[in-house]
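This report describes selected local features of one protein chain. Please consult the sequence and the model shown here while reading.

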Amino acid sequence: RTAVARTCGVRPKEVFVGNGSDEVLGFIMQTFFEPGSRVCFPDVTYGFYRDYATTFNLDWEEIPLREDFALDVEALCETNRHALIANPNAPTGLSVGRDEIARIADAQPWRLVVLDEAYADFSGQTCIDLVAAHRNLIVVQTMSKSRNLAGAHIGYAIAQQDLVSDLNDVKFSFNPFNLSAPTMAIGIAALSDPAYYQGTVATTMRTRDASRKALKDMGFAVLPSQTNFLFAHHPKLAAADWCRRLRAAGILTRHYSAPRIDDWLRVTVGTPNEMGTFLYETRRILTKP
Ligand SMILES: *Cc1c(COP(=O)(O)O)cnc(C)c1O
C-alpha cells in the first residue's frame, strides 16, 4: 500500500489492495452493495460488470453508449444508480475526459462512481487526483496491463480513507492475506522501476498508433484507442471471418458475438514485429477474399 501510495501520490490509508482488480471490484460489490442495490454500466463495456451484478443480485441497468460508442455522460449524470465505468472503456478503447468524470461524480454525490482505470496508463490520463475532492469516487487500477504482470495479479483501489477503511473491514473479516509475500515483492519491484514501465508503455502507444494508421489506410474504421488494443471494422470484411482467417494464420484476436459490436474485432497491440505480421496477414485476407 505504501509503494502504491507513493506511485499514485496519495496516502497509504487511501489505498486498498487485492488479488487483481477483479477481486478489488468484487470487494467493492460486497462492501457497498446488497441484493437489490441499484447500479448501472454501459451496454458495451467490460463483461465482468454484468457478472458481478448477477452474482451479487444487484438491480442493474445498462446505459447504452452513444451511436459512435462514446460514453453517454448526460445519462450517467441523470441516473441516481451507482455507476461502474471503465475509462478508457473496453473493448472500444475510448476514454472520456477528467472533467466528464468529475461531472458524473458531482451530479449525484451520494451514489458511488467506480472508475475502472485498467487501461488508463495507455491514455496518459488518470482520475486518481479527483478522489481528494470527490468522496463518492473509487478509482481502480491493475498491474496486469501496463506493468506486464497479469500473472502476479495485483490490483488496487484509490478512494477517500473512510471508503478504504470499509473495504478493509470486509477484507479482514474474509481474506486478510489476499496478496502473497512473493506477489507483493514483485509488485514493489515493478513500481520501483519507472523507466522500464515508461519505456514499455511508450512503445505500446507508438505501435498502437502506427498500427491504427496502417489499418485505416486499408479502409478499416478504427476507433481512436487510448488503450493497448485496437477496435476495428471493415465495410467489406466481416469481423468474424477476419478473426477466423487470422486464427488460421496463428494470430489470435477477440471477436464478440454481442449486439452492436459483432462486426468489430479487438486486436491486442503486440510487439512491432507481431503487429507487422498481423498487418501483413490482414492485407492478404483483404486482397484474397
Ligand atoms: C483486465 C481488466 C480487469 C482485471 O484485471 P486484473 O487486475 O487482472 O483482475 C478489470 N477491468 C478491466 C476493464 C480490464 O480490462
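At what angle do the axes of helix α2 and helix α6 cross, and within what distance do they come?

## Basis of the description

This is a predicted model, in which local features need pLDDT of at least 70 and side-chain atom pairs count only at pLDDT 80 or more, whereas totals for chains, interfaces and linings use all residues. Residues are numbered from 1 along each chain as its sequence is written, and side-chain values use heavy atoms, with hydrogens and water left out.

## Packing of α2 and α6

The axes of α2 (residues 20-32) and α6 (residues 161-172) cross at roughly 95 degrees and come within 9 Å. That makes α2 roughly perpendicular to α6 (angles under 35 degrees count as roughly parallel, over 145 as roughly antiparallel, 65 to 115 as roughly perpendicular and the rest as oblique). Axes are lines fitted to C-alpha atoms, for helices over the stretch in contact, with angles from 0 to 180 degrees between N-to-C directions. Helices (H or I, at least four residues) and strands (E, at least two) are DSSP runs, numbered from the N terminus.

On the α2 side, the contact is made by F27, I28, Q30, T31 and F32; α6 contributes L163, D166, L167, V170 and K171. Contact here means heavy atoms within 4.5 Å. By class, six nonpolar, two polar and two charged residues take part in the contact of α2 with α6 (Ala, Val, Leu, Ile, Met, Phe, Trp, Tyr, Cys and Pro count as nonpolar, Asp, Glu, Lys and Arg as charged, and the others, Gly among them, as polar).

The largest nonpolar core has 45 residues, of which V4, L76, I85, I104, L137, Y156 and I158 touch the most other members. Such a core is a set of buried Ala, Val, Leu, Ile, Met, Phe, Trp, Tyr and Cys residues joined through side-chain atoms within 4.5 Å. Buried means under 20% relative accessible area, exposed over 50%, and partly exposed in between (1.4 Å probe, protein chains only). Not counting residues up to four places away in sequence, V4 touches V15, M143, Y156, I158 and L191. Another core, of 24 residues, lies apart from the largest one, and F41, A53, I138 and L163 are among its members.

I138 belongs to strand β6 (residues 137-142) and is buried, at 0% relative accessibility. Leaving aside neighbours within four places in sequence, the contacts of I138 include I28 and F32, both of which also take part in the contact of α2 with α6. Other residues in contact with I138 include L112, V113, V114, L115 and L163.

## The loop between β4 and α5

Is N87 buried or exposed? N87, in the loop between β4 (82-86) and α5 (98-107), is buried, with a relative accessible area of 3%. A polar atom of the N87 side chain lies 2.8 Å from the backbone nitrogen of V96. Beyond neighbours within four places in sequence, N87 is in contact with L94, S95, V96, I101, L115, D116, E117, A120 and Q125.

Two cis peptide bonds can be located here. One joins N87 and P88, with omega about 0 degrees, and another joins A90 and P91, also with omega about 0 degrees.

## E61 and R81

E61 is found in strand β3 and is partly exposed, with a relative accessible area of 35%. E61 and R81 lie 20 residues apart in sequence and 8.6 Å apart in space, C-alpha to C-alpha. Their side chains are joined by a polar contact of 3.1 Å (a pair of N or O atoms within 3.5 Å; within protein, one must be able to donate a hydrogen and the other to accept it, and residues adjacent in sequence count only if both atoms are side-chain atoms). Not counting residues up to four places away in sequence, E61 touches V39, C40, F41 and R81.

## Loop residues with positive phi

F69 has phi near 75 degrees, a positive value in a residue other than glycine. F69 is placed in the loop between β3 (59-63) and α4 and is buried, at 7% relative accessible area. R260, likewise not a glycine, has a positive phi of about 75 degrees. R260 is in the loop between β10 (254-255) and β11 (265-268) and is partly exposed, at 33% relative accessibility.
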